[in-house]
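Hi everyone, thanks for coming. I'd like to walk you through a model, so please have a look at the sequence and the structure on the screen.

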Amino acid sequence: MSWTRVTAIVCLLLFSASWAQAQQQATGRVTGVVTDVATQRPIPGVNVVLAGTTRGGLTSENGRYLLTGVPAGSYTVQAISIGYQSAEQAIVVSPNQTVVADLQMSTQAVKLQEIVAVGYGTQTRREITGAVASVSTEALEKSVVKSIDQVLQGTSPGVQVTTASSEPGGALSIRIRGTSSITGNSEPLYVIDGFPIENDIEGSSVGNAGRDRTTPPNPLTTLNPSDIESISILKDASATAIYGARGANGVVIVTTKQGRGTRPQFTLDYYRGTQSLARRYDLLDAKGYMDYANEYGANSSNPYTPFPDSVYNRILQSGINTDWQDELFRNAGVQNLQLSLIGASASSTSPTRYALSAGMFDQDGIVLGSGFKRYSTRLNLNQAVGSRVEIGGSFTASMARTQSVPTAGQQNANSGAVSAAIQYVPILPVYRADGTYSYIFSDLNAYNSLLDAPTTPNPISLAREVMDSLGDTRLLGNVFAKATLLPGLEARISLGADNASRWRYTYYSRNTMRGASVNGEAIRATSNTFSWLNENSLTYRKEIGTAHDFTLLGGYTRQAQDVDGENMTNTNFVSDITGYYDIGAGTQEGGPSVSSRKSRQTLQSWLTRLNYSLLDRYLLTLTFRRDGSSRFASGKKWGNFPSAALAWRMSAEPWMQGREWLNELKLRASYGLAGNPSIRPYQSLARLNDQGYAFGGTPYAGYYPVAVGNPDLTWETTRQLDIGVDLGILNRFVLTADWYKKNTTDLLLAINLPFETGFESALTNLGEVENQGFEIGLDARIIEPRDPRGFAWRANINYATNRNKVVDLGGLGTIEADLLTTDYNLPGTHIEVGKPIGYFYGFKSEGVIRDSACSSGTLPAATPSATWCSSRTERSRWTIAPTSAIPRPTSRSASPTRSPGRTSS
């Protein structure tokens, strides 16, 4: 869409606003009170609308509502609220008059009238044809969470939340109906008050503190969960296709709290608690460790005694018995403070709705030296201009600060503190007599050089001496204007921006193993991400008699993102005092290492959706979106993503009436396509890296090709079929069940290239992955209170299965995936056709030899179960591997298989 068209729409909106002012004299008002039919108490927060129009509002604390600027005519006032049956009343509005319509509502557990965000609009639960789940705000208010992804844990079937890092501010990985991509990002798309945000955890990571394979921070921790009003999870193709290019992994729509009522409401929310380690490893104490080491030495091929009686007794008498877990872990506090002001003006012609909040979250980590803090503020503002125009916006400013401790990364000098605490032996103190840290590779060998002493850093030195600070400052804003151009026709324009400034500063002092080897090491990394969004849409709603009801949506969106960052590293500092603050003080040979980067990506889309209802029981949804992304090759940038969904409200059929126990029975079916463009920019192009070189003793700057381009790189596409049922019975139970099957084709897959090409790999469209599963969720209101302040018992149960299978790898049978992100970086993931993505692959354990009489003999090459000459056979088949690939040793030793340098029992 050209900017000329956008300007024309803006002018049309301004004209309609002026016209609306001239028409106000021919309008009336509707007011009333909404009460509970059983208790006669007013009900606040009820959504009161004029059926078939866009006019509506929420009731205040005293249950009163006011709708202004209502054109003369006949209407039906409808009151909708979660937990209540809807109430309706027919009215006639005359010019310059006020109509009073009081409504009474009765409680019910069925949430089929709940207003649900579905992308570029809302629908009542009964009108939804796709698989859409909602997260109750009650769960948010009663849970202690630091980010919105934690809110989703256990709240909806088919939504899997796994912890990538347990440190404060660490990332969580979310999968909606399984993993669909191998190389591309599989995280869902988040839409915060209409602004789409890709949760690219790896891409948003700013530096790794000089440690390979570290888990990145969580880019969503800057968003305050206390500000959330509701969350909708779009799962199937019909629901996600409206977001086309980014809907393949599901969509999470987050709506923050809006202004309501007629007077200010001030809220103060505060909690404080403590955290502790749930379970510790049961490790040997000093005496047990030395007994084990002596037994190990006695059973070795060359017997020896690591701890003779003199040394044994001296260590016990010294009282050294270090519990490294006690030294590293602590009871940590967590607290949260939230202030909010929500309300609306009492103006009858141009009301103003506002919601202002400010919060502070402070969490200490259970690992010594770790912690997370967040400060946030949010303003939501809506201003009516007459009866036909509304402008508004949402603005968020937040700042997160994380103090990290190395708990992940490569082994040895980069080992994590938690792993080191498990490896360190109890006969070593934390500090030597001179105040320096003890080290297992030097201090343990002082007792006996035959003891296993890995080059693992002291865990307490990592917790106390490594400065690893992360910062994330985010400004997110979105403004809009909407106007009723004609009866039933609404135009909406929005403009938003998201600016995230992230940094990570790390310093390894000379008191750490890593810092001592280079006289201190400082690392500074920064990253700035700026994204802007423009959306333009037209919505037309029309009722034809009592049988036909349809809503047609059309729109154009455009979004662009710029990312730039810098990295600096320096070593050889005179002192540790300045840490990473004075990185130029280092005297690294050749000077500091400096690098920078910049990337840009854009996305533009055309979208349309039709919702049609026949007799309020036959429902149809058709969606189409066309997306163009700069991430793909020339001529391959555009993709088309259609979907269709049907639903039958069987309970609304005349022959189903009279069954008072049945509140709702709806059958659903949908099929559609969604895309995934979640790869780094410029992957379709050949790229260069800078490389300095010397010629004739003179240094020069140069470049070399680092990646081969792919002129055919295009969309990864997911096709999904969903069949579901919604059932409400006895006004207390709501059951939702879905079966789905989705196939992702044209995988964005990195394949290995022959060495003679000069490149290691290239990104291409090859392969297919299938996810198939079943979901069932039950909401139950077991005990309903007779009084709003009485005892209530509500339960939510969900169950889901998902079968993930690699269907095709472009002709390959297997792919050896990257290393696992652990302290050891164990190679273990394996991708194979016919198997799930990334399963474990390794040797099978046939058992443990218990009888020393056969330890020196040769095992026969017969059936594995016949090769053991032990009265007690233990087998553990915990990994998947072909039997023919298992090498069979010719002899086995009866001595313990674990060296005494490890302390686990």
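**Cavities and a helix pair**

So, a search of the whole structure turns up eight cavities of 30 Å³ or more. Please keep in mind that this is a predicted model.

Let me pick out the second largest cavity, which has a volume of about 110 Å³.

Now over to a pair of helices. Helix α6 covers residues 286-298 and helix α7 covers residues 309-318, and the two pack at an angle of about 165 degrees with their axes 11 Å apart. Angles over 145 degrees count as roughly antiparallel, so α6 is roughly antiparallel to α7. Left-handed or right-handed: what is the crossing of α6 and α7? It is right-handed.

And who meets whom here? From α6 we have Lys 287, Met 290, Asp 291 and Asn 294, and they meet Tyr 312, Ile 315 and Leu 316 in α7. By class, this contact of α6 with α7 has four nonpolar residues, two charged and one polar.

That's my tour, and I'm happy to go back to any part of it.

Technical notes
Residues numbered from 1 in each chain as written. Predicted model: local features only at pLDDT ≥ 70, side-chain atom pairs only at ≥ 80, totals over all residues. Heavy atoms only, no water. 1 Å grid on protein atoms, 1.4 Å probe; cavity = no way out; pocket = protein on both sides within 12 Å on 5 of 7 lines; lining within 4 Å. Points joined across faces, edges and corners; volume = space filled by probe spheres on them. Axes fitted to C-alpha atoms, helices over the stretch in contact; angles between N-to-C directions. Helix = DSSP H or I, 4+ residues; strand = E, 2+ residues; numbered from the N terminus. Parallel < 35°, antiparallel > 145°, perpendicular 65-115°, else oblique. Left-handed = near helix turned anticlockwise from the far one by under 90°. Contact = heavy atoms within 4.5 Å. Nonpolar A, V, L, I, M, F, W, Y, C, P; charged D, E, K, R; others polar.
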